[in-house]
Amino acid sequence: MNTKRWWWISSGTSIFFIFLIALMWFRIDHSYQPNLEQLAKEAEIIPHLKKRGLSLKKSEAIPTGIFLQSLKFNNATEVNITGYIWQKYNKSVFANIPADQDIPVGFILPEAVDSGENLEPQQAYRRSINAKEEVIGWYFESTLKQRFNYQKYPLDHKTVWLRIWGKDFGRSNVLVPDLQAYESTQPGDAFGFDKSIVLGDWKVEETFFDFKTPRYDMDFGLGKPLPETPELYFNIVLRREFLGAFIVNLVPLLISAILLFATLLTITRREGQADIFGFNTSGVLGVCSALFFVVLIAHIQIRQEFPGSGIIYIEYFYLAMYTALLGVAVDAYLFTHDKYSSQFKFISYEDNIIPKLIFWPTLLGASTFYSFLILKPFHPYETYVPESKTTHILPPSERPLVTLDAQVVEFTPEKISKVMLTDSSPQPKGQSFYPFSRD
């Protein structure tokens with residue numbers, strides 16, 4: 001057997017697999033495509049709503065804008081966000097509220113959870129835009145509970161969305177994005193956040209506004225279902241910086257694999273080499289046991305970071321390492337046992353040369369295979385968008401008491417009933433009765 005030739009083949013095959021893995025990593029890390037459902041121009045808003053079954057005049061909407069100052073992942077399912085939300089109103093809406101008094105908050109963040117540290121939205125400014133309109137801005141801090149897909153970690157993108165409701169429970173007003181407030185809102189642009197924001201291991205790919213229409217499987221006790229009004233979303237698409245996650249998670253695995261291969265090379269029956277290497281079966285089993293606990297501890301840390309998630313991409317490298325550790329331990333035992341070494345000729349052949357030759361091609365080949373299956377490198381990355389599913393979510397705070405006027409018109413696809421709201425908290429005057437109709 002030409003051992004040198006086979007070592008060259010083994011090395012070349014391993015380098016080829018490394019190249020394929022690196023190519024897939026690069027491809028998936030740079031494969032994001034802008035979301036095609038986003039609202040890029042002011043003129044697109046009314047036609048977009050009409051496609052969703054809602055006819056709305058420009059004067060009947062409430063322009064709403066967002067500026068983020070910080071974004072932090074508390075854990076795998078919670079995101080803390082701070083910033084400003086502003087809305088534009090006709091001056092007549094709050095004409096009876098003096099300039100030195102705060103305007104009631106005109107929005108609700110339905111996915112916010114009580115973290116114990118969040119601040120209630122506070123009015124930051126109230127300015128006149130022209131003779132008819134004024135803008136009111138609130139500073140907010142909120143912790144949002146959201147579901148993210150970590151299957152491709154650490155080569156993943158995340159879309160953090162800010163779901164915004166109007167204050168009116170009857171949904172008789174519609175919040176629309178204030179696109180005129182930003183320099184550029186074209187697909188692929190990143191706007192609406194502080195450019196000096198600290199995101200840690202994340203980088204902003206793009207931000208955009210869009211609408212989603214929820215469906216409810218109950219009528220909230222009204223006797224008739226609420227109209228399916230589109231809800232405003234502000235989305236922040238983030239890409240994880242791969243280098244940091246690579247150093248933390250994959251470098252220890254790579255070093256463990258190299259040490260395991262070095263241990264495999266010490267398996268020999270040649271007396272001179274066996275004495276130099278100090279080879280014995282118990283020594284190999286001891287090294288495999290030590291490396292197993294190193295890999296296991298690192299694996300446990302990853303599972304603690306993403307509780308409730310399925311098997312993520314990087315975990316397959318750990319599973320491959322477990323298999324390699326077990327394989328080397330079994331190989332050492334069978335090689336030194338006369339009975340089994342005679343039965344398994346490929347183990348004893350040429351002083352255990354076959355397991356040594358196939359170690360890296362097998363390990364890297366398996367890594368290439370599941371990388372291809374999971375990363376799907378030839379398909380562009382798709383932003384995760386929450387589906388418009390049936391939901392039971394109620395506003396998280398200030399749930400209003402809903403009463404019906406005596407002259408209520410039934411909810412039908414052609415005509416929407418007029419719902420009057422009574423709430424113990426102050427309600428922006430006039431905000432709840434912007435008329436609109438469905439086609």
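Modeller: Helices (H or I, at least four residues) and strands (E, at least two) are DSSP runs, numbered from the N terminus. This is a predicted model, in which local features need pLDDT of at least 70, side-chain atom pairs count only at pLDDT 80 or more, and totals for chains, interfaces and linings use all residues. Residues are numbered from 1 along each chain as its sequence is written, and side-chain values use heavy atoms, with hydrogens and water left out.

Colleague: Where is the place of Thr-185?

Modeller: Thr-185 belongs to the loop between β8 (174–177) and β9 (202–212).

Colleague: Is Thr-185 buried or exposed?

Modeller: Buried means under 20% relative accessible area, exposed over 50%, and partly exposed in between (1.4 Å probe, protein chains only). Thr-185 has a relative accessible area of 7%, so the residue is buried.

Colleague: With which residues is Thr-185 in contact, leaving aside its neighbours within four places in sequence?

Modeller: Contact means heavy atoms within 4.5 Å. On that basis Thr-185 is in contact with Gln-38, Leu-39, Ala-40, Leu-179 and Phe-191. With Ala-40 there is also a close approach of polar atoms: a polar atom of the Thr-185 side chain lies 2.6 Å from the backbone oxygen of Ala-40.

Colleague: How does one read the pairing of strands?

Modeller: Two strands pair if DSSP finds at least two bridges between them.

Colleague: Which sense of pairing do β1 and β2 have?

Modeller: β1 (residues 61–73) and β2 (residues 78–90) pair in the antiparallel sense over nine bridges, and a hairpin of four residues joins them. Ile-66, for example, stands opposite Ile-85 in β2. By contrast, β1 runs parallel to β8, with four bridges between them; Ala-61 has Val-174 as its bridge partner in β8.

Colleague: How is a pair of aromatic rings described?

Modeller: The description uses the distance of the centres and the angle of the planes. Rings of Phe, Tyr and Trp (its six-membered ring) pair if their centres lie within 6.5 Å; planes under 30 degrees apart count as stacked, over 60 as edge-to-face and the rest as tilted. A search of the whole structure finds 29 aromatic pairs. The rings of Phe-242 and Phe-246 have centres 5.6 Å apart and planes at 40 degrees, so this pair is tilted. Both residues lie in helix α3 (residues 242–265), and because they are four residues apart, about one helical turn separates them. Phe-242 is buried at 18% relative accessible area, whereas Phe-246 is partly exposed at 24%. For Phe-292 and Phe-293, the ring centres are 5.5 Å apart and the planes at 70 degrees, so that pair is edge-to-face.

Colleague: Which residues do ring pairs link into a cluster?

Modeller: The cluster consists of Trp-25, Phe-242, Phe-246, Tyr-313, Tyr-316, Phe-317 and Tyr-370.

Colleague: What of a charge over a ring?

Modeller: A charge sits over a ring if NZ of Lys or CZ of Arg is within 6 Å of the ring centre and within 35 degrees of the ring normal. Lys-158 lies over the face of Tyr-150, 4.5 Å from the ring centre, and the charged end of Lys-212 sits over the ring of Tyr-233, 4.2 Å from its centre.

Conventions:
Polar contact = N/O pair within 3.5 Å; in protein donor to acceptor, adjacent residues only side chain to side chain.
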